[in-house]
Amino acid sequence: PRPRPRLRIGFIHPRARGRFLRRGPSHVRIRAVLDLASGLLLAGSGFLAGVVNAVAGGGTFFTFSALVAVGLPPVVANATSAVAVTPANLSSAYAYRAEIFAYRHRFAALALVSLAGGVIGAAILTVTGNTAFRALVPWLLLFATLLFAFSPAIVKAARRIGKRGQE
């Protein structure tokens, strides 16, 4: 027999009894069934993501993986992970507001590139389904890991290019 998923997402009759995580349109309800091990995994990954994000960033590696491991579809896990780290991102921006203001021109350029990447990524995520996104995830994680690993060289090259543009 096939093992029961720990998290069931599906259509449930509107009069169905039970605890609901979220209420959608009248014909759609999402019911969560979470065991202790899954809860501990999610709590631990959330804590670890917070620590990693406070030091260097990249905590989404932990939260996304944990959400997929407990049974969420990849697209839902990605959105949930992004929303979950938003309060930390906003509080970091507030804490570094003086630095952001001091480098506001550089920040504006990076914000535009980030916004464009976010819009393109959201469009791709909307068009592709869970199956296609699941196939893309390892490549996206590899790309992010390589960017992180080579960030000192990328920063050095960007500074060189920036200095040449000022001359």
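Me: Which residues in α2 meet which residues in α3?

Reply: This is a predicted model, in which local features need pLDDT of at least 70 and side-chain atom pairs count only at pLDDT 80 or more, while totals for chains, interfaces and linings use all residues. Residues are numbered from 1 along each chain as its sequence is written, and side-chain values use heavy atoms, with hydrogens and water left out.

On the α2 side, Thr60, Thr63, Phe64, Leu67 and Val68 take part; they meet Pro74, Ala77, Asn78, Thr80, Ser81 and Val85 in α3. Contact here means heavy atoms within 4.5 Å. By class, this contact has six nonpolar, five polar and no charged residues. In this scheme, Ala, Val, Leu, Ile, Met, Phe, Trp, Tyr, Cys and Pro count as nonpolar, Asp, Glu, Lys and Arg as charged, and the others, Gly among them, as polar.

The geometry of the pair comes next. Helix α2 covers residues 60-69 and helix α3 residues 74-95; they pack at an angle of about 140 degrees, with their axes 9 Å apart. Therefore α2 is oblique to α3. Angles under 35 degrees count as roughly parallel, over 145 as roughly antiparallel, 65 to 115 as roughly perpendicular and the rest as oblique. The axes are lines fitted to C-alpha atoms, for helices over the stretch in contact, and the angles run from 0 to 180 degrees between N-to-C directions. The crossing of α2 and α3 is right-handed, a term for a near helix turned clockwise from the far one by less than a right angle, left-handed being anticlockwise.

Helix α2 also packs with helix α6 (residues 130-149), at an angle of about 160 degrees and with the axes 12 Å apart. That angle makes α2 roughly antiparallel to α6. Here the crossing is left-handed. In α2, Phe61, Phe64 and Val68 meet Phe133, Arg134, Val137, Leu141, Ala144 and Thr145 in α6. Seven of the residues in this contact are nonpolar, one is polar and one is charged.

As for the whole, the protein has seven helices and two strands; helices (H or I, at least four residues) and strands (E, at least two) are DSSP runs, numbered from the N terminus. The protein averages a pLDDT of 78, where pLDDT is the predictor's confidence in each residue, from 0 to 100.
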